[in-house]
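Colleague: Could you take me through this model? I shall ask as I go along.

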There are 2 protein chains.
Amino acid sequence: MDQDSINQVIDGGLLPRRALLKASALGLATSFVLPARATENWMLHAGEPQSDYGQPSPFARLKREQTGGHPLGPAAGSSSTPLQDLNGTITPNSLHFERHHSGIPAIDPRRHTLTLYGDVRQPLQFRYEDLLAYPMETHQYFLECSGNSFRNTLATPLDLTAGSLNGLISNAEWTGIPLHYLLDEAGVADSARWVIAEGADAAGMTRSVPMSLALDKVMIALYQNGEPLRPAQGYPMRLFVPGCEGNISVKWLRSLKIQAQPAYTREETSKYTELLPNGKAEMFSLAMGVKSLITSPSGRMTLNRKGLYEVTGLAWSGAGTIRGVEVSADGGISWEPAVLQSDPRPLALTRFRLPWRWVGQSSILQSRATDEQGQVQPSRATALARYSPAGFYHYNGIQSWHVSSAGVVKNVYV
Amino acid sequence: MDQDSINQVIDGGLLPRRALLKASALGLATSFVLPARATENWMLHAGEPQSDYGQPSPFARLKREQTGGHPLGPAAGSSSTPLQDLNGTITPNSLHFERHHSGIPAIDPRRHTLTLYGDVRQPLQFRYEDLLAYPMETHQYFLECSGNSFRNTLATPLDLTAGSLNGLISNAEWTGIPLHYLLDEAGVADSARWVIAEGADAAGMTRSVPMSLALDKVMIALYQNGEPLRPAQGYPMRLFVPGCEGNISVKWLRSLKIQAQPAYTREETSKYTELLPNGKAEMFSLAMGVKSLITSPSGRMTLNRKGLYEVTGLAWSGAGTIRGVEVSADGGISWEPAVLQSDPRPLALTRFRLPWRWVGQSSILQSRATDEQGQVQPSRATALARYSPAGFYHYNGIQSWHVSSAGVVKNVYV
């Protein structure tokens, strides 16, 4: 691609996805300097030796956001993944979002059991060690809190980062035992339609899982990104319900009760139901919608040079695999298909990217995902109209970032 | 599968891969106990709140092994991934193996540059920040040290864990810039055949990469499992050469020199060459062979009950994708095809599993991988015969674990 074709700026600066970036196009590489030997301080002496359990560079300044919690009850709160600092699709375990209703229990796996009972032929109880002997599966899946992005349902757009606004979404390789193995062994009664999962935290978090889901992709997850679950993610074991609101993937799982009816717990009546405009409520609306956002450039960043940028972000859908993502640089007037940077996998995050030329024009950057079922991510207005104005769960409207002529990037509503 | 078919123990206890494990077959689930409420201490009070950067459970006792290093030069050493404690395929960043020749430099990315020079039309220099604007790709790849498993080339088998013996192998999702973008921009001379990569550590680690590889899958890696590279893995940037001996994926990358000949550095003459039985040496033999090992049951474990177990392990090949893995429980007399627990991806770890019934029989567990090119993992004897007895690089012989009638698992040579 030569300079001329780059100057043919289309659609607010977006370049077609076949356009390759080159250094001359970027204008970033400086004039040649012979690589000096041993001028950097760190080349003059041996560095730190290997370690038992590694840590990131302090220069990378990695940390979860919104970790404050409620001032009177810090154990009931959440933390979000700093999406703007990451690339690829995996969320490292230390940065996976958290949502705790009564803090993180410090469970000794030798003193923890999982009980499977209720409408079954043979109730069962398993120690952690027993479960390690079962056949496992390994899949990459996203996990999204039902309340993710709720700040964008507020009347005024908050000037926050991508992670603070939308970071209750993470992605990991989960390894665990397909639940149908355990259900099959216990012998589920014909009348049974629900699995009631209870956690061993002080909140006794309890959710009802429809049997159709329980027999499909649900697993008892024991490993996350290769290592045993972190305590913040349910150590020693959690339920994992792929594609569904995070709350139903009950952490610190201690029992599964099989019955004909749902339990109608607090977490599926008062909370985690969606009030509709007509005053009725959607209950057990579990699958997360099709969604995406641009993670860079994103809120609170500043573009400190003119030229080409890589617009990059994440897309996902609770209905399956992402089929495509489009990007707009003019607030949704025109759209350009993005490149999928990683292989799209069902119920996992997919990364997209597209080159964009910024020469100081005021722009509104947006992304819009489409999934394998043809569902298209809605505008903010359409997403809000689905629910009562009091609602804030399952919000999947398009995220808009305004780039000012000074290069300041800010959350806006379009 | 009923009890009768389980009792039809074949091949030293291995069950065919279509056999599903069930609780009754495992005999692990205990008689029914009503799940008591709030008896565990951790259900009686709120737990710890969310945090900036999470940590694993102390009960999981996760740490890298063999971290001691040389007593007089601890900065020149290695640490290995505790394979026996992990499941799935991803290695979490904190447990990725390390091999440093002069320790880990503490690089400030604002003071680090990458220079591309030599036989090029236009030498280039890049800051870290510049590189973030380039198009990136995301792939899951293994990284294996050329000297991995060298302890099994010694005359006497060492009674060590799977990780201590074979843990200089890890697997991560790497995100970075395809090197061909930068080479293309610099304009490589027709005569150029090699890319000489130098690291910014005090060892000035330098390796020669054939141009054919450099133009293929090689990347400038900037992210590992989603987050910026760890210092131990080359922060802020490393070369990544998929499928090849780890040493050539130069960490803390500071320069790439393009030239007609290799550099013949210490690391590709004195070290990282393989002496053959005829006295000649293989140089630039980069691709790692087809290999696998059982990670559980494995060395220094003890089976503390009789019954069904899940035999599980990892397989990989520098030539591409794993096509299949076979497992033997009788020291290689008979083999049974394993289930591939994760989707096989090119140049990445694949997890396999197979049920195994242990009723106290003395057994020798082995695994044998085959890759897409039809290469089959060799026996220890065949693997050793390829090189001079002085050699210890690129060893990919079959790992044998002896299970005694008391259930003690130990590294043996067969």
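Colleague: Which residue is the bridge partner of L114(A) in β4(A)?

Modeller: The partner is F126(A). Please note that this is a predicted model. A second pair of the two strands is T115(A), which stands opposite Q125(A) in β4(A).

Colleague: How many bridges join β3 and β4 of chain A, and in which sense do the strands run, parallel or antiparallel?

Modeller: Four bridges join strand β3, residues 113-118, to strand β4, residues 124-127, and the two run antiparallel. β3(A) and β4(A) form a hairpin, with five residues between them.

Colleague: And what is the strand order in the sheet that contains them?

Modeller: The order in chain A is β4-β3-β12-β7-β8, an open sheet of five strands with mixed pairing. β4 and β8 (206-210) of chain A stand at its edges; each has a single partner strand, so one side of each is left without a neighbour in the sheet. On average, neighbouring strands of this sheet are turned by 15° against each other, direction ignored.

Colleague: What about the β3 and β4 hairpin in chain B?

Modeller: In chain B, β3(B) and β4(B) form a hairpin with five residues between them. The strands, residues 113-118 and residues 124-127, run antiparallel and are joined by four bridges. One of the facing pairs is L116(B) opposite L124(B).

Colleague: Staying with chain B, what is the order of the open sheet of four strands?

Modeller: That sheet has the order β15-β16-β20-β19, with antiparallel pairing. β15 (291-296) and β19 (339-340) of chain B are the edge strands; since each has a single partner strand, one side of each is left without a neighbour in the sheet.

Colleague: How many bridges are there between β15(B) and β16(B)?

Modeller: There are five, and the pairing of β15(B) with strand β16, residues 307-316 of chain B, is in the antiparallel sense. Within this pair of strands, S296(B) has T312(B) of β16(B) as its bridge partner.

Colleague: Let us step back. What does the secondary structure of chain A come to?

Modeller: Chain A has seven helices and 23 strands. Its radius of gyration is 23 Å, close to the 22 Å that the globule rule gives for 414 residues, so chain A is as compact as a globular protein of that length. The C-alpha trace spans about 75 × 65 × 45 Å along its principal axes.

Colleague: Which domains does the assignment give for chain A?

Modeller: The assignment gives domain 1 (109-282) and domain 2 (291-412). Taken over C-alpha atoms, the centres of these two domains of chain A are separated by 28 Å.

Colleague: How many residues of domain 1 are in contact with domain 2 in chain A?

Modeller: In domain 1 of chain A, 26 residues are in contact with 26 residues of domain 2. On the domain 1 side, β5 (137-144), α4 (162-166) and β13 (274-275) of chain A each supply at least two residues. The residues of that side divide into 14 nonpolar, 10 polar and two charged.

Colleague: Now the two chains. How many residues does the contact take from each?

Modeller: The contact takes 103 residues from chain A and 103 residues from chain B. Helix α5, residues 179-186 of chain A, gives the most to the chain A side, with four residues. By class, the chain A side has 50 nonpolar, 32 polar and 21 charged residues.

Colleague: What rotation superposes chain A on chain B?

Modeller: A rotation of 180° does so, with 0.0 Å of shift along its axis and an RMSD of 0.0 Å. This is the relation of a two-fold axis. The same surface serves both copies, as 100% of the contact residues of chain A recur in chain B.

Colleague: And which residue of chain A comes closest to the rotation axis?

Modeller: P92(A) comes closest, at 3.6 Å for its C-alpha.

Colleague: One last topic, the backbone. Is the peptide bond from Y235(A) to P236(A) cis or trans?

Modeller: The bond from Y235(A) to P236(A) is cis, with omega near 10°. P236(A) lies in the loop between β10 (227-228) and β11 (238-240) of chain A. In chain B, the peptide bond from Y235(B) to P236(B) is cis, with omega near 10°.

Colleague: Is phi of F284(B) positive or negative?

Modeller: Phi of F284(B) is positive, near 50°, in a residue other than glycine. F284(B) lies in the loop between β14 (281-282) and β15 of chain B.

Key: Residues are numbered from 1 along each chain as its sequence is written. Chains are lettered from A and ligands numbered from 1 in the order in which they are written. This is a predicted model: local features need pLDDT of at least 70, side-chain atom pairs count only at pLDDT 80 or more; totals for chains, interfaces and linings use all residues. Two strands pair if DSSP finds at least two bridges between them. Axes are lines fitted to C-alpha atoms, for helices over the stretch in contact, and angles run from 0 to 180 degrees between N-to-C directions. Domain bounds come from an automatic or database domain assignment. Two residues are in contact if their C-beta atoms, placed from the backbone, lie within 7 Å. Ala, Val, Leu, Ile, Met, Phe, Trp, Tyr, Cys and Pro count as nonpolar, Asp, Glu, Lys and Arg as charged, and the others, Gly among them, as polar. Copies are superposed by least squares on the C-alpha atoms of residues with pLDDT of at least 70 in both. The radius of gyration is taken over C-alpha atoms; the globule rule is 2.2 Å times the number of residues to the power 0.38.
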